[in-house]
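Reader: I'd like to go through this one with you, pocket and charged pairs included. Can we start with the picture?

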Amino acid sequence: MTQRGRCHPTRLGRLGLAMLCFLCSLTIGGCWAGRPELNRPNLIAASPDGKSLFISDSRNSRVLVVDREFRVRHEIPLRPEQAVWGLNTSAAGEIVIAGTRLAKATFDAEEKRANAVAEVQFMSFDGRPGDKLEWRSEQGTVVYPRQAFPLPDGGVAVTDLRKNKVFLLERNGTMRISVGEFGRGDGQLYCPSDVIVDAAGKLLVVDSYNHRLVEFAADGKYLRTIGRMGSGPGELLFPQNIARDETGRIYCTDMGNMRVSVFDANGAFVRHIQMPLASESRGLCELFGIAVATAPAELFVADSLNSCVYIFDPEGRPRATIDRVKF
């Protein structure tokens, strides 16, 4: 049995790799700088003008900023210990990233909790750092951020998987309002994984473990539920992320059913979009991030398991599968 504090070869190996990647990030812009292949991309977002895409390439510890031909404009290195689960863009020209990290290497659950850092970062489209919100040791307002959605006035909406709430925060972290509570009833949430806020301030929340979408008014009042648990038309299994196009149509990655579910602006079911899986995928995929871009209108879906991004036209017809970028 290994005593606490004694060096362990496997742990040393992992620490050594983490330290190597950290040093690489300081010196050459990341261990995987310039690598064209995607490796477990889990999130994708589009710029407001539709000209740029932002890809969280998780195993390569970077955010890629690419044009619509997937030519790299910028490569933003991330810390190897940083787990990114939220990625969005704002009309003000900012990237907003949400996730967790450890302040230092830990070896047991107690140390992990003590050194846990939940954070929301703001940066320019070319990666220059801006404001940052941090909550340490699982003691702050936010414990486990899953997504961050920038608000027009500079604030941010953050979903918290652990607290089963959505927090609307000022730029300095002051809370305006919290929305939802743990449960399975109307207006309750169980692991909210994404949120989008419309021009009227209404929040549409992906209620992942309740297998549905839930809409709230700007003051947090429950309005309606879209979808229900299942695999039939309009049904969801562990939905993850959502996007909305200019018409108000809603696109949701339905991870349990390995498809995208589409609803109109009124919440009525429109269609399911099946993924154009390659033969080596064995029919499996892992869908998280989703984005809609204009001019031309296209839908982008990140498949982490198969390390690619699928492109569809507005009617759900596949256009391309991207597994590498162009430098």
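Reader: Which strand gives the most to the lining of the second largest pocket?

Author: Quick ground rules: this is a predicted model, so local features need pLDDT of at least 70 and side-chain atom pairs pLDDT 80 or more, while totals for chains, interfaces and linings use all residues. Residues are numbered from 1 along each chain as its sequence is written, and side-chain values use heavy atoms, with hydrogens and water left out. β1 (41–46), β5 (83–89), β9 (145–150), β13 (192–197), β19 (239–244) and β23 (287–293) each supply at least two lining residues, strands being DSSP E runs of at least two residues, numbered from the N terminus. The top contributor, with 5 residues, is β23.

Reader: How much space lies in that second largest pocket?

Author: A pocket here is an open set of points on a 1 Å grid over the protein atoms alone, with protein on both sides within 12 Å along at least five of seven lines, and lining residues have an atom within 4 Å of a point. The volume is the space filled by probe spheres (1.4 Å) set on the points. For the second largest pocket that comes to about 980 Å³.

Reader: Which residues are closest to the centre of the second largest pocket?

Author: The lining has 41 residues. By class they split into 23 nonpolar, 11 polar and 7 charged, with Asp, Glu, Lys and Arg counting as charged. Closest to the centre are A46, N88, T89, F149 and R244.

Reader: Is R228, which pairs with E235 in a salt bridge, buried or exposed?

Author: A salt bridge is a side-chain nitrogen of Lys or Arg within 4 Å of a carboxyl oxygen of Asp or Glu, and R228 and E235 meet at 3.0 Å, N to O. Buried means under 20% relative accessible area, exposed over 50% and partly exposed in between, using a 1.4 Å probe and protein chains only. E235 has 13%, so E235 is buried. R228 has 57%, so R228 is exposed.

Reader: How many residues apart in sequence are the parts that R271 and E315 tie together?

Author: R271 and E315 form a salt bridge, with their closest N and O atoms 3.0 Å apart. R271 lies in strand β22 (residues 269–274), and E315 sits in the loop between β25 (308–312) and β26 (318–322), so the parts tied together are apart in sequence by 44 residues.

Reader: And what is the count of salt bridges?

Author: One of them joins D57 and R62 at 2.8 Å, N to O, and both residues are buried. There's also a network linking R79, E81, R101, E119, K132, E134 and R136. The salt bridge count is 27.

Key: Helix = DSSP H or I, 4+ residues; strand = E, 2+ residues; numbered from the N terminus.
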